[in-house]
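Please walk through the sequence and the 3D structure shown here, moving from a single residue out to the sheets and then to the ligand.

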Amino acid sequence: MDVIVDKLTKSFEGHKAVDSISFKAKRGEVLGLLGPNGAGKTTTMKILSGYLLPERGNINFGDYSIWKQAGKIKKVIGYLPEHNPLYPEMNVIDFLFFIGKLQDIPKYKITARVLDMIRLCGLDNEKHKKIHELSKGYRQRVGIAQALIHDPEVVILDEPTTGLDPNQIFAIRKIIKTIGEDKTVILSSHILSEIETTCDQVMIMSNGKIVANGTTSELRRKSDAGYSFKLGIKGDDIPVIHDALCTLPEILHMEITQEQNFEIQCKPDVEIGRTIFDLCREHDWYISELTPVQTRLEDIFRKVTQNE
Ligand SMILES: Nc1ncnc2c1ncn2[C@@H]1O[C@H](COP(=O)(O)OP(=O)(O)OP(=O)(O)O)[C@@H](O)[C@H]1O
């Protein structure tokens, strides 16, 4: 089920926490909402999950609109809130049965669903433990299991790996990837590596607005830094080569790097390989390296959020 968000706006005391944002989350994909503190991620997640009403805009879950079919939408959503509220005195299996009943899962199906969730979320050895006895990572798995128990088509996860250790993060990401294969998953995070490894689509928010969106490779391509290259030229002294490179109008910016190579930033859509080859032939030099620099999502994030 696709989720289409159209001009969503929400203010608190006159301040726009979410400012007319529009986007689409597709079935079979994980969409990551990334942004610095206070960007509006949690507010967006709360509106998506039906906990808050927007003041303007619409969200369609398939053919259902939040203004007309809110009841039907609740049944197709699974939600893991930021602070993952659980009942610490209950044991895992009883808690999942309890949530299954709250979600109106028919009696004849409930045992199978609970066991499926225990298997999917790797809770077999913990299922008889009380929730307060679990590590944070296992509590998070229980949170994901409760969000999925009614087999929702759309899964909304607010900061699912915050506060977990690297092993726990790895395990949760694996679960999210599995869920994302046949459901629509929307997750928020301010951890860039999380988004990079887990999400098919990324949306960067800042001050309530979407400041960039696309796949991680599209974001890289869109950013100017996508036209950066590592360049090695041999055959003369570095300052001589440097001065010759400075005469090329295709190069916008250049640095000499530690390994006595250059990092150059070019104008978009120029054939820099050809230009450098011609320069080397003219001076009887040769190219030892010309490789594109992979812009990290972190750099794109900083770039698009710094002026907001
Ligand atoms: N219930 C509320 N009452 C008043 N202001 C609120 C409320 N909820 C959020 N805000 C404000 O809305 C803005 C966006 O907050 P939100 O929690 O959505 O950001 P976030 O991107 O999730 O941040 P974080 O990464 O810190 O959780 C902030 O300025 C916040 O103070």
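Phe262 has its place in strand β13, where helices (H or I, at least four residues) and strands (E, at least two) are DSSP runs numbered from the N terminus. The model is a predicted one, in which local features need pLDDT of at least 70 and side-chain atom pairs count only at pLDDT 80 or more, while totals for chains, interfaces and linings use all residues. Residue numbers start from 1 along each chain as its sequence is written.

Is Phe262 buried or exposed? Phe262 is buried because 22 other C-beta atoms lie within 10 Å; by the criterion used, a residue is buried if 20 or more other C-beta atoms lie within 10 Å of its own, exposed if 12 or fewer, and partly exposed in between, with C-beta atoms placed from the backbone. Once its neighbours within four places in sequence are left aside, Phe262 is in contact with Leu231, Leu245, Met254, Glu255, Ile256 and Thr257, a contact being two residues whose C-beta atoms, placed from the backbone, lie within 7 Å. Between Phe262 and Glu289, which are 27 residues apart along the chain, the C-alpha separation is 9.5 Å.

The sheet that contains β13 is open and antiparallel, with four strands in the order β12-β13-β11-β14, where two strands pair if DSSP finds at least two bridges between them. Its edge strands, each pairing on one side only, are β12 (251-256) and β14, and from one strand to the next the twist averages 25°; for such angles, axes are lines fitted to C-alpha atoms, for helices over the stretch in contact, and the values run from 0 to 180 degrees between N-to-C directions. Strand β11 (residues 228-234) is joined to β14 by six bridges, the two running antiparallel, and within this pairing Phe229 stands opposite Pro292 in β14, while Gly232 stands opposite Glu289 in β14. Strand β14 (residues 286-292) is hardly covered, the count of buried residues among its seven residues being zero.

Helix α9 (residues 238-246) lies across β11, β12 and β13 (262-266), and runs at about 170° to β12, whereas α10 lies across β11, β13 and β14, with a direction at about 165° to β14. Helix α10 (residues 272-283) has twelve residues and spans 17 Å from its first C-alpha to its last, close to the 16 Å expected at 1.5 Å a residue, that expectation being 1.5 Å times one less than the number of residues. After α10 comes Asp284, whose phi is positive, near 65°.

A further open sheet is formed by four strands in the order β2-β1-β4-β5, again with antiparallel pairing. Its edge strands are β2 (15-25) and β5 (64-65), each of which pairs on one side only. Strand β1 (residues 3-12) pairs with β2 in the antiparallel sense over seven bridges, with Leu8 opposite Ile21 in β2 and Lys10 opposite Val18 in β2. The hairpin of β1 and β2 has two residues between the strands, and in it Glu13 takes a positive phi near 45°.

Thr9 is found in strand β1. The C-alpha atoms of Thr9 and Ser20 are eleven residues apart along the chain and separated by 4.7 Å. Apart from neighbours within four places in sequence, the contacts of Thr9 are Lys16, Val18, Asp19, Ser20, Pro54, Glu55, Arg56 and Gly57.

Which residues lie around the ligand? They are Phe12, Ala17, Gly35, Asn37, Gly38, Ala39, Gly40, Lys41, Thr42, Thr43 and His190, where a residue is near a molecule if its C-beta atom, placed from the backbone, lies within 6 Å of it. By class, this shell has three nonpolar, seven polar and one charged residues; Ala, Val, Leu, Ile, Met, Phe, Trp, Tyr, Cys and Pro count as nonpolar, Asp, Glu, Lys and Arg as charged, and the others, Gly among them, as polar. Helix α1 (residues 41-48) gives the most to the shell, with three residues.
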